[in-house]
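Q: I would like to learn how to read aromatic pairs in a protein model. Could you take me through them step by step?

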Amino acid sequence: MSLSAHARLAGALVAGAIFGFGLSLSGMVDPARVLGFLDVASGLWDPSLIFVLGGAVFVAVPGVLLQRRMAKPALDRQFHLPSKAAIDKEVLIGSAIFGIGWGLGGFCPGPAISALATGALPAFLFVIAMAAGMVIHDRLIDRSLQ
């Protein structure tokens, strides 16, 4: 591996570790906390996720503004941004599947992967199901769209 490949890998590992630490520190690896946020009708609503989301926006907005001013990232030749901007059937179906999975399991991908460090069986089951869904999409569904 070249020096730039090592730098990209190190940068990704540091960013992932900071992200995972933040998820753990905020309690977002606990499905009960997430489900408590989603359950607005029970009278036991947990608003803490709003502050986590607000913190994410507070960090992301300056990063996006900086990225728009840069010709290229520091550790790559180009930015790898989504080229698709339209909200179509696939985006709506994918969003619905994500929301249903989040509501049923209390996990989304980042917190689920961070929760693997806790050794909790639900986290392992969620990540296995998530990986299976990705493989099914890539092998069956995505090929039928092309």
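This is a predicted model: local features need pLDDT of at least 70, side-chain atom pairs count only at pLDDT 80 or more; totals for chains, interfaces and linings use all residues.

Q: How is a pair of aromatic rings described?

A: In general, two values are given for such a pair, namely the distance of the centres and the angle of the planes. In this structure, the ring centres of Phe107 and Phe126 are 5.5 Å apart and their planes stand at 50 degrees, so this pair is tilted.

Q: Where do Phe107 and Phe126 lie, and what does the pair tie together?

A: Phe107 belongs to the loop between α4 and α5 (109-115), while Phe126 sits in helix α6 (residues 121-145), so the pair ties together parts that are 19 residues apart in sequence. Phe126 is buried as well, its relative accessible area being 19%.

Q: How many aromatic pairs does the structure hold?

A: The structure holds three, and one of them is formed by Phe98 and Trp102, a tilted pair with 6.2 Å from centre to centre and 35 degrees between the planes. Both residues lie in helix α4 (residues 89-105), where four residues, or about one turn of the helix, separate them.

Q: Are Phe98 and Trp102 buried or exposed?

A: Phe98 is partly exposed, with a relative accessible area of 41%, whereas Trp102 counts as buried because its relative accessibility is 19% and the cut-off for buried is under 20%.

Note on methods:
Residues are numbered from 1 along each chain as its sequence is written. Side-chain values use heavy atoms; hydrogens and water are left out. Rings of Phe, Tyr and Trp (its six-membered ring) pair if their centres lie within 6.5 Å; planes under 30 degrees apart count as stacked, over 60 as edge-to-face and the rest as tilted. Helices (H or I, at least four residues) and strands (E, at least two) are DSSP runs, numbered from the N terminus. Buried means under 20% relative accessible area, exposed over 50%, partly exposed in between (1.4 Å probe, protein chains only).
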